[in-house]
Amino acid sequence: MSYAICRVQKIGGAKDIVGLQIHNRRERAHSNSNPDIDYSRSSNNYELFNSNNKPYNMLINERIQAGYKSKRAIRKDAVLLCEIMFTASGDFFERYPEYTQKYFQKCYNWACKRFGKENVIAAMVHLDEETPHMHLDFVPLTNDGRLSAKDVLGGRKDMQRLQDDFYEEVGKKFSLERGSRANLNSLNEEERPRKHFSMRAYKAMTETELSEQEQKINANKVELEGLERKLEPFRKLQVTNQQIMEEPKLIPLTKKVAVSKEIYSTLAEQALAYAVNRDEINNLRNTKMKIALERSELKQQEHEIKERAENVYKKENIVNQLKEQQENINKILEQTEQQNKKLREQVSELKQRLKFMLDERDETRNNINKQQKNYSIQLNKVEQEHQEALAEKDKQISEILKRLQIRKNMNINVLKWAMFVMAALREFVANNQNLTKEEQVLFRAIEDLLLKNMFPFNKIYSKEGLQEICHKIKSDGRIYAKPLQEIIDKITQQEEQIKQQDNTSQFHR
């Protein structure tokens, strides 16, 4: 039963890439890391990708310059190259040598389809080793132009899907089998994916321990062979229990046993040899025990070496997980950087809009200040006019009050004159006893007019009312109308003064 084999490896720095190039192209006539190479058959090796014999690092730089689109700088520890090793197990190539070239051509086509033909920089088929195989190298560029081996290869589940796809597209067509699928969720270490070490890494990790163990084992073998040679004579003299039990003969009347001369001589020789070589036998026993202890210690050391190898495997798993986490973090940082760039652009745009809005606000504020200043001037002007109008009204009110006071004084004077007339009339009647009856009736009528208010009040205290009274008195030709005429004249004089004051105020307006 033969299996289709596809193994992926990440290549880091430029130094490792140069070493890979030397190995793949057989640029040296010897190899310290791989003694299985038969350089007499290296001429049978062939290349499926024409690289024009350019150095790997130059081909990688040319591909990155052409396909790398990210704005971020490439990290120093970035994975620049990935290598896939294609082969088959068992005697597939011995049984079907005519399918060798077709098989590797199918592998090459599958890799170009999956990882991009433009990213492939080398595809070398080696026929100078024990099993034919092909080394295909490509730059791990994503479809959007990022350099990320993790995104191109993926995690363990992605690697399982890669193996499934390789089997369906290539291995199945050549009647090859797929290896057993690892259980990624199992807690059993034997069922989980096994760590693949390169020959160089494995030798570097265990070379010292293996050489020490091999030296100890060889020394123990030599010592054991020497012991075996020393024990050989004793084995020849050894009498088996079966021989002793076959001929047991009791001596009559005694408790002794009779043996043959052959057995007796053998026992005697053994006793003599034991007596002579007792110390040596004890030393051999001690040496044997010592060898058994050393073997036990060697087994313990072998167990410890296995445990150390398992610890190394676990630590490498942890390192790989940390690398994956670091790549995730770098990816998140890249996404965060892109988001920050967009945010910075938005902040810049918002700052411009804010500046424009602040300029508009300042302009609006200046316009409002100007309008407010104009309104203040107009308000002050209106307020001044209002104050002037109020002052003018106060002046008018003052003049009106003054005129009212004058009229009040005039009315008081008229009342005084009217009372004076009444007193004068009463005195005149009292002093003139020879008045006729008609004159007395006239005087009484005047008194009635003054006292009983037969005329309206405004007539009594106005010029027209007094003139009417005076006219009635004059119509009889009596001399006692003189006081009333004086009152009328005084009222007329006061009215003329009031008219002059009104004309003066109108002129000022």
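V170 sits in the loop that links α6 (156-169) with α7 (199-237). Keep in mind that this is a predicted model.

Is V170 buried or exposed? Its relative accessibility is 1%, so V170 counts as buried, given that the cut-off for buried is under 20%. What does V170 touch, once residues up to four places away in sequence are set aside? The partners are Y103, K106, C107 and W110. Take C107 from that group: 63 residues separate C107 from V170 along the chain, yet their C-alpha atoms are 6.6 Å apart.

Now for a helix pair. Two packed helices are described by the angle between their axes and by how far apart those axes are. Helix α1 (residues 14-25) packs against helix α2 (residues 56-67) at an angle of about 120°, and the axes lie 9 Å apart. That angle makes α1 oblique to α2. On the α1 side, the contact is made by A14, I17, V18, L20, Q21, N24 and R25. On the α2 side, Y56, N57, L59 and I60 take part. Sorted by class, this contact of α1 with α2 has 7 nonpolar, 3 polar and 1 charged residues.

Zooming out, the protein chain has 14 helices and 7 strands. Of its 509 residues, 27% are buried. Take the contacts in the chain with a separation of 6 or more: 70% of them come from residues 24 or more positions apart.

How confident is the predictor, and where? The mean pLDDT of the chain is 77, with 66% of residues reaching 70 or more.

| Element | Residues | Mean pLDDT |
|---|---|---|
| Strand β5 (highest) | 133-138 | 96 |
| Helix α12 (lowest) | 457-460 | 43 |

Methods:
Residues are numbered from 1 along each chain as its sequence is written. This is a predicted model: local features need pLDDT of at least 70, side-chain atom pairs count only at pLDDT 80 or more; totals for chains, interfaces and linings use all residues. Side-chain values use heavy atoms; hydrogens and water are left out. Axes are lines fitted to C-alpha atoms, for helices over the stretch in contact, and angles run from 0 to 180 degrees between N-to-C directions. Helices (H or I, at least four residues) and strands (E, at least two) are DSSP runs, numbered from the N terminus. Angles under 35 degrees count as roughly parallel, over 145 as roughly antiparallel, 65 to 115 as roughly perpendicular and the rest as oblique. Contact means heavy atoms within 4.5 Å. Ala, Val, Leu, Ile, Met, Phe, Trp, Tyr, Cys and Pro count as nonpolar, Asp, Glu, Lys and Arg as charged, and the others, Gly among them, as polar. Buried means under 20% relative accessible area, exposed over 50%, partly exposed in between (1.4 Å probe, protein chains only). pLDDT is the predictor's confidence in each residue, from 0 to 100.
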